[in-house]
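I am opening my notebook on a new model. Below is what I looked up, entry by entry.

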Amino acid sequence: LESKRKPLSVALNRLLNRSDSTSIEAIYMDSRNGLPTIVGDWSNHPRILEFHKLIERQQLENKVIQKQGLPKIGAGLDYVIIGERSDANIANNGKNALMPIISVSLPIFRKKYSAAIKENEYQIEAFNYNIQAVENELTTSSENLKYEAEREIKLLTLYDTQIKEMKKIRDLLITGFSNSGQDLDELLIIQMQLLNYKLKQINATTRLNTLIENLNYLTATTSN
């Protein structure tokens, strides 16, 4: 029996690019309880944060433009030299004086400033639309990953059941073969089916771990 089982083990190991002598065991990382929770809050995702930075920059630029479009008021002092008058007798005749000065300048290109502010407001609105689009994309991607992961979990549960049943049948056939020397072909068929389910189990676990890793990447990115 062992001599018949060995070629099957070698074939399976070569499919997995492993040494021919590697023991065939259903050893794998079970991630079925490791699905991350999708909360739907992407506000800390790098792509979302980048758009918020762009919005803050546009808002700051609008404040600068608004200040540039306001009237400018200035105040100061002017030193006035006054010559002495000989035709009049007045107090402080000929004394120089300090004169307060107030100036008001109105911006000439107010329409230009208004247009710049309006353009920035349109840009901010576009960034907000982009944020919504990215959030929808992230939500869709995460839900698809979770759906695929849950499907692999169901397959793993099915393979677990099938492997247990195959092992029971194999053990019975081994007992029968040991007693009578019969049912060797059926035993080999069951052993091949068992190895096939174990291979499917390994592949499903690999896919599941990859899906969970991608999900963890999305959720971990939003929690930093």
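Is R151 buried, partly exposed or exposed? I looked up its relative accessible area: R151 is partly exposed, at 41%. Here buried means under 20% relative accessible area, exposed means over 50%, and partly exposed lies in between (1.4 Å probe, protein chains only).

**Ground rules.** I am reading a predicted model, where local features need pLDDT of at least 70 and side-chain atom pairs count only at pLDDT 80 or more, while totals for chains, interfaces and linings use all residues. Residues are numbered from 1 along each chain as its sequence is written, and side-chain values use heavy atoms, with hydrogens and water left out.

**Entry: confidence.** I checked pLDDT, the predictor's confidence in each residue, from 0 to 100. The protein chain has a mean pLDDT of 75, and 58% of its residues reach 70 or more. Over residues 24-30 the pLDDT is below 50. This stretch still has 13 contacts in the model beyond near neighbours in sequence. A contact means heavy atoms within 4.5 Å. I note a caution: where pLDDT is low, the predicted coordinates should not be read in detail.

**Entry: layout.** I found 4 helices and 2 strands in the protein chain. From the N terminus on, the order is α-α-β-β-α-α. Helices (H or I, at least four residues) and strands (E, at least two) are DSSP runs, numbered from the N terminus. I also looked at contacts between residues at least 6 apart in sequence: 77% of them join residues at least 24 apart.

**Entry: the inside.** Of the 224 residues of the protein chain, 26% count as buried. Next I looked for nonpolar cores. Such a core is a set of buried Ala, Val, Leu, Ile, Met, Phe, Trp, Tyr and Cys residues joined through side-chain atoms within 4.5 Å. Which residues touch the most other members of the largest core? They are F51 and L208, in a core of 21 residues. Helix 2 (46-68), helix 3 and helix 4 (184-223) each supply at least two residues of this core. Helix 3 gives the most, with 10 residues. A second, separate core has 6 residues, including I163 and I190.

Entry: S142 sits in helix 3 (residues 110-180). S142 is buried, because its relative accessible area is 1%. N209 sits in helix 4 and is partly exposed, at 23%. N209 and E152 are 57 residues apart in sequence, and their C-alpha atoms are 9.7 Å apart.

**Entry: salt bridges.** Side chains of opposite charge can pair when their charged atoms come close. A salt bridge is a side-chain nitrogen of Lys or Arg within 4 Å of a carboxyl oxygen of Asp or Glu. How many are in the whole structure? The search finds 5. I went back to R151: its side chain meets that of E148 in one, at 2.6 Å, N to O. E148 and R151 are about one helical turn apart, because they are 3 residues apart in helix 3. E148 is partly exposed, at 27%. K118 and E121 form another, at 3.9 Å. K118 and E121 also lie 3 residues apart in helix 3. R170 and D171 meet in a salt bridge at 3.6 Å. Here R170 is buried, at 14%, whereas D171 is partly exposed, at 40%.
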